[in-house]
Amino acid sequence: MTVYLKKQFLKSAAFFCFFLLFNSSIKSQSTLNQSDPFYYLQNVENRSSISLDGRWDIIVDPLETGFYSYRFQERKDGFFINQQMKEPDELVEYNFEKGPKLSVPGDWNTQSEKLYYYENTVWYKKDFTLNKKQGKRYFIHFGAVNYQAIVYVNKKKVGVHEGGYTSFDFDVTDFVTNDKNLVVVKVENKRKADRIPTLNIDWWNYGGITRSVSIIETNETFIYDYSFITNNKNGEIVNGWVQLNGINSANKEVTITIPEITLLQKTKTDKTGKATFSFQKNLTLWSPENPKLYEVKLKYDEDEITDKIGFRTIAVNGNDILLNGKSIFLRGISIHEEAPFKSGRVTNADECRVLLNWAKEMGCNFIRLAHYPHSSAMIKIAEEMGLLVWSEIPVYWTVQFENPAVLQLAYNQLDEMITRDKNRANIILWSVANETPNNENRVTFLTKLIAHARNADNSRLITAALDTQTEEDGFKTIKDPLGQYLDVIGVNSYCGWYGGKPNDCKNMRWKNTYTKPMIMSEMGGGALQGLHGKENERWTEEYQDAVYKNNLEMLTHIPFLRGVSPWILTDFLSPRRPLPEIQNDYNRKGLISNRGIKKKSFYTLQNFYEKIVLGEIKF
Ligand code: GCU
């Protein structure tokens, strides 16, 4: 949604709230918007909530019998009413309680052999009790559901969400009751040409309620979203806003305190419930070397929210990237949200920590979280550890660039990613695409998406990973037309793996038609951990290491290179990788195996990063 639309939306929302003043009834959030990315409960971890994580009853429903009648019409008596057989002659052909169960959060593919390849509908059902209080509001919040979620509370549809990797919530105040409640979710993860991502991907299409679910309790009018942006390279000036949600949100006093810098600022909301603020202080800026976070408190009436906020600036200057006004080289690694040691989706903070500790052990100051928004836990822990982040939406390969509905999907996923993570200092890059084919429809689609991203957040750099380099008089030349619209140009190049011999790569030279920084966003090759042989034997660790050694040598000859995030930290499941004895459904480009065992190239990259830190290799 562009800023203009947002303002229009706000005006109508303000009118709606104004209308409510006379109406005195509180319209439930979900009647205002179906998980509109603009309405977002910021910082749910710090709110009063009931967790719905744990074992849920499920029904596997490949024909979507629980949703459609035999005439393929949406049923009013679908599985979401959880019908119980009361009379001996009653016909009820499903039963949640007697069926299998799945753990939430978690994908279903790695929880059940029968669901390994499953790409359709699974119904989830959970009972919960609630001590519903007068004057309070209740939201059901999902960290992520892949791909489409239709949510029912006490047999009533409360909302629909599409997109497998971003959080969403619905106001269920009017739907929950005091004491026993029922939540049913229809989860469907079909791959479709007009979805994002589209039909062909190179990762496992894990379906399910893959991140945590909770019931959040708030006051009738409360702090639901806020933003802090550091506005100049010395980091002294911070601008921000706080958005209240509720019928009494206009002209209210909000207090912002940061005790460590003796900041206490009061500000008033406007008629839309938004309060702006700005302060000038001598701050310790966040950086990988010193990931400084300040305790921030926001208060309205009895509602108080705390968060840990880092302050820093990021900018480009010609071919350079400046963090807090200083040139920085991004020593990175790409990471899929694949659980270490066991595969499947990452489901908890401990698994995030394992992956991030491996990146730190490697000598990284940067991670590319591919190819979709990872969990907020992953980003927050990376922020505490001093890891800069490239975050992206899965506009991957051949989405339907000519389809306006697909562009809207991309807008929504971009908004939801930015809305959720806009206060994380370590995120410096929003990426809008990965390896998309260079044609007119794609450039039109992506330039709109880039403009949308800048509207939503002009404090960060916009990038995309491009794989359309051309050969010109012996140089690999970056001239993809999209480059003119990006701040930083990501380049995926697999010299020695998808073309050429590893030993030729060190002689490859690059040209950039744009005076912009480049990040080698992917490079590398595969190896089966523990398979050894000669450097010319594909799948051996020695072959992979020859790819790394020669490509890393090549990087030192790219004058406009400002970072690298080789592909990839760990082996990961992908249906594109069936080679028996070697792949067995795993993409083997990891520097660490799916069992957590490091390959030779882990140490080659670690050594390369160490030499950069010591100044023995200069970029
Ligand atoms: C591509 C793509 C990755 C993929 C990788 C590979 O560059 O961006 O998603 O996994 O190459 O082929 O292993």
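1. A disulfide (a pair of cysteine sulfur atoms within 2.5 Å) joins Cys-495 to Cys-505, with an S to S distance of 2.0 Å. The torsion about this S-S bond is about -100 degrees, so the disulfide is left-handed. Both cysteines, ten residues apart, sit in the loop between strand S28 (488–492) and strand S29 (509–512); strands are DSSP runs (E, at least two residues), numbered from the N terminus.

2. This is a predicted model, in which local features need pLDDT of at least 70 and side-chain atom pairs count only at pLDDT 80 or more, whereas totals for chains, interfaces and linings use all residues. Residues are numbered from 1 along each chain as its sequence is written, and side-chain values use heavy atoms, with hydrogens and water left out.

3. Buried here means under 20% relative accessible area (1.4 Å probe, protein chains only). Cys-495 is buried at 6% relative accessibility, and Cys-505 is buried at 0%.

4. A search of the whole structure finds one disulfide. The sulfur of Cys-352 has its closest cysteine sulfur in Cys-364, 16 Å away, which is too far for a bond. Cys-352 is buried at 1%, and Cys-364 is buried at 4%.

5. The ligand is surrounded by 14 residues, each having a heavy atom within 4 Å of it. Among the closest are Glu-435, Glu-522 and Lys-589. By class, this shell has five nonpolar, four polar and five charged residues.

6. For Tyr-494 the corresponding distance is 3.4 Å. Taken alone, the ligand exposes 320 Å², of which the protein buries 96%; areas come from the Shrake-Rupley method with a 1.4 Å probe.

Terms used. A polar contact is a pair of N or O atoms within 3.5 Å; within protein, one must be able to donate a hydrogen and the other to accept it, and residues adjacent in sequence count only if both atoms are side-chain atoms. Ala, Val, Leu, Ile, Met, Phe, Trp, Tyr, Cys and Pro count as nonpolar, Asp, Glu, Lys and Arg as charged, and the others, Gly among them, as polar. Helices (H or I, at least four residues) and strands (E, at least two) are DSSP runs, numbered from the N terminus. Buried means under 20% relative accessible area, exposed over 50%, partly exposed in between (1.4 Å probe, protein chains only).
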